[in-house]
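This report concerns a predicted model. It treats the surface and fold of one chain, then a contact between chains.

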Amino acid sequence: MMSISKDLAAASSTPLVLSILSHGDSYGYAIIQQVHELSDGQMEWADGMLYPILHRLEKKKLIESYWGTAETGRKRKYYRLLQAGLKELHEQRKNWASLHGMLRKLEGV
Amino acid sequence: MFQLEQAMDNWCDRILVNRCNNQVKADEIKDHLYCVIERLTDEGLDEQQAFNAATRQLGEADDLMAEYAKNKALLNKVCEAEQTFLSKLRIKNMNPKKAGMYQTVVALIFAAAILVSSYLLKDTGHGPTIMLILVGLWCIPFSIINASSGKHSARSEFECLRNYFRKTQQAD
């Protein structure tokens, strides 16, 4: 099965996380599950790598976190997209689209 | 008999390196591990197998530690350096009585040094400067002994000060 390399997975992690959070607040495990489903298992993304990424995005004030309670009664940390995060997401989408456009043009050469 | 909670705590302690990392990160990772374990036990694995698989899925321990290290604030780095320094000196977990004795000896040495220097430098005008330097230097053995007896670390000292200033600001 074709798989997405570690480097590409790392590079795409920010737009993916921001994009998922643009659909509503979420938490680590759910974000990982969503990425697995979206990539049909092609994304080589160790589960644990997401958390430092989330913490970095929070530090950059692109997202914010708050504690809630899971249905099991456990403490759970949720993440929410901030205005600056939405702006960054638009920017990243533009960059990825332009990269995609470049590759498409080269296909025709 | 496999103890899931114990295994979870041990694993988090190992990955999140030392007590400088606060409980918050451990709580988040634990919630993740429990989510995976619940899914895997529903699929028929026993708790130990599920725990092993869940931690394996999180990734290589070295990679994880490196990722967490990227996010460390300066304060955590200072705290970690302090812990490493203490363990190199092998004076971690000193008993409070012994620590108290060391503090007294160090205090006496510095007090004597301050007195002698101010006497020797009384005509030069450098006395107050040297005294301030000596008081500053005194903080080093003071905080090392304090941290080694488990009372405070650089982080807790800093947080204590920060809370104090926050309270003062609120009072204003």
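## Surface of chain A

In this predicted model, chain A exposes about 6600 Å², and carbon and sulfur atoms supply 56% of that area. Of the 109 residues in chain A, 39% are buried.

A nonpolar surface patch of about 580 Å² is formed by Leu8(A), Trp96(A), Leu99(A), Met102(A), Leu103(A) and Leu106(A). Helix α4 of chain A (residues 83-107) provides the largest share of this patch, with five residues. Leu8(A) lies in helix α1 (residues 6-21) of chain A; this residue counts as partly exposed because its relative accessibility is 41%, a value between the limits of 20% and 50%.

## Fold of chain A

Chain A contains four helices and three strands, which follow the order α-β-α-α-β-β-α from the N terminus. Among contacts in chain A with a separation of 6 or more, 50% join residues 24 or more positions apart.

## Interface of chain B and chain A

The contact involves 21 residues from chain B and 21 residues from chain A. About 2000 Å² is buried between chain B and chain A, with carbon and sulfur atoms giving 52% of this area.

Four salt bridges are found across the interface of chain B and chain A. One of them pairs Arg74(A) with Asp31(B), whose closest N and O atoms are 2.9 Å apart. Twelve residue pairs are in polar contact between chain B and chain A, both residues being at pLDDT 80 or more. On the side of chain B that touches chain A, α2 (23-42), α3 (47-58) and α4 (61-70) of chain B each supply at least two residues. The largest share of that side, twelve residues, comes from α2(B).

Terms used: Residues numbered from 1 in each chain as written. Chains lettered and ligands numbered in written order. Predicted model: local features only at pLDDT ≥ 70, side-chain atom pairs only at ≥ 80, totals over all residues. Heavy atoms only, no water. Patch = residues over 30% accessible without salt bridge, like charges linked within 9 Å, V, L, I, M, F, W, Y side chains within 5 Å. Areas by Shrake-Rupley, 256 points an atom, 1.4 Å probe, with all protein chains shown as cover. Salt bridge = Lys/Arg side-chain N within 4 Å of Asp/Glu carboxyl O. Buried < 20%, exposed > 50% of the residue type's maximum accessible area, 1.4 Å probe, protein only. Contact = heavy atoms within 4.5 Å. Buried area = accessible area lost by both parts, 1.4 Å probe. Polar contact = N/O pair within 3.5 Å; in protein donor to acceptor, adjacent residues only side chain to side chain.
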